[in-house]
Amino acid sequence: VEIGFMPKTLSVHPEPYRHQFPRGKVNDIYTGWAYPPTDYQKWSELVFQFVHHLRERYGDAEVRTWLWEVWNEPDIGYWQGTPEEYFKLYDFSVEAVLRALPEARIGGPDSTGPGNDKAAEFLRAFLQHCAQEKNYANGKVGSHLDFISFHPKGSPTWQEDHVQMGISRQLAAIQRGFKIVASFPQWRQTPIILGELDPEGCAACSAEKNPQNRYRNGPLYGTYTVEVLNNIFALARAERVNLLGVVTWAFEFEDQPYFAGFRELATNGVDKPVLNAFRMLGLLSNERVKVTSSGSLGAEEIVRQGVRQRPDICAIATRSDRGIDILVWNYHDDDVPFPSAPVDLVITGLPSSAKRGLLEHFCVDSDHSNAFTAWKDMGSQSPSESQYQQLESAGRLQLLDSPAWVEIQKGSIPLHFMLPRRGLSLVRLNW
């Protein structure tokens, strides 16, 4: 639950209040709603009544599961006050939330990615305030902080004829944020949430006007997402911080052309390839097992220079009581045609009692689980009713020549397949 923004009658700068979007000048959007309150006690009472209302409406069992954040990206134009005024707003908001719901889990500051110095300093100053400075609401030392959140973004660019992703910038911001958190003994083990984990910063900027966003329609969006997640896990382990979760800041855009290139998981109800990447992640079990790849790059190398030379061919593996899942991907920053890579996948350490297994192989690439390709084959137009049904079918997660029974020899199974550039393969084996 995001606690923001400022009502007109409480804003220190109420006029103009209504913002303009699509924006003309940059500051047209940051109007009276972005300013501090005239009275922090009145703001606190408003927050208290808001939380009390939600508690009565949805019940304690439900609202206890929610996370609460104060404001959005207060280090940039969304907050027109000073950092200290935000810290004050945070303290009064936390006091009000906990007064209405003592079990609430609340945190912040949901600032922008700390890859730039200004955002990094804001995050550091906020954590310092919560750790050691006077609380504006109760006069004590420090502020309540259940989780730490920030919004690291990438930076794709248009290279005259193709998109080049900016994974290095995103991972560098995440690494720096982890290091800042780890530098505070009080917060080293506090859960971290990457509140907006996206390849770039403007969900409502279409590919038509921003060609660098063309990655959103095809399989690259999903492969990039899996690549980033895998490296986030590695960075969290390296910095010894507590990563709780990540959020994609994707939307539904109504009354827009098909595949207009907004940051969304579906277009006019038709699933995009990226949604199938999330489906693959959702099919993984909750216990990771070791996986190695001769074609993988290290997280530190990707942070320094991205994936600009050879591709990163890597995998995540998980297991259940009688099954194992391996998600393999072929990622490169440049969205250009390239031959598929041969993959020799060897699964070892299976129980000696297992003699046969049921193998499933799901794929997301240019030709599988991809409604965008199907739409282009239809002429890139608004579909008829029958064509829409075809797009719905093409947008589902698809199996490749499976399921099939396979023999397990001495606890091992060798598999071979071709993995296209920007492709994802999920191999599931159950015995």
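**View 1. Lys140, an exposed residue of the predicted model.** Because its relative accessible area is 57%, Lys140 is classed as exposed, the cut-off for that class being over 50%. The structure shown here and in the views below is a predicted model. Lys140 belongs to the loop that connects helix H4 (117-132) with strand S4 (147-151). When neighbours within four places in sequence are set aside, the residues in contact with Lys140 are Glu133, Lys134 and Asn135.

**View 2. The disulfide between Cys202 and Cys205.** The sulfur atoms of Cys202 and Cys205 lie 1.9 Å apart and form a disulfide, since a pair of cysteine sulfur atoms within 2.5 Å meets the criterion. The count for the model is one disulfide. The torsion about the S-S bond of Cys202 and Cys205 is about 70°, and the disulfide is therefore right-handed. Cys202 has a relative accessibility of 30% and so counts as partly exposed.

**View 3. Cys314, a buried cysteine in no disulfide.** For Cys314, the nearest cysteine sulfur is that of Cys363, 18 Å away, and Cys314 takes part in no disulfide. With a relative accessibility of 13%, Cys314 counts as buried, because the class covers values under 20%.

**View 4. Cys363, likewise buried and in no disulfide.** Cys363 also forms no disulfide, and the nearest cysteine sulfur to its own, that of Cys314, is 18 Å away. The relative accessibility of Cys363 is 4%, so this residue counts as buried.

Key: Residues are numbered from 1 along each chain as its sequence is written. This is a predicted model: local features need pLDDT of at least 70, side-chain atom pairs count only at pLDDT 80 or more; totals for chains, interfaces and linings use all residues. Side-chain values use heavy atoms; hydrogens and water are left out. Buried means under 20% relative accessible area, exposed over 50%, partly exposed in between (1.4 Å probe, protein chains only). Helices (H or I, at least four residues) and strands (E, at least two) are DSSP runs, numbered from the N terminus. Contact means heavy atoms within 4.5 Å.
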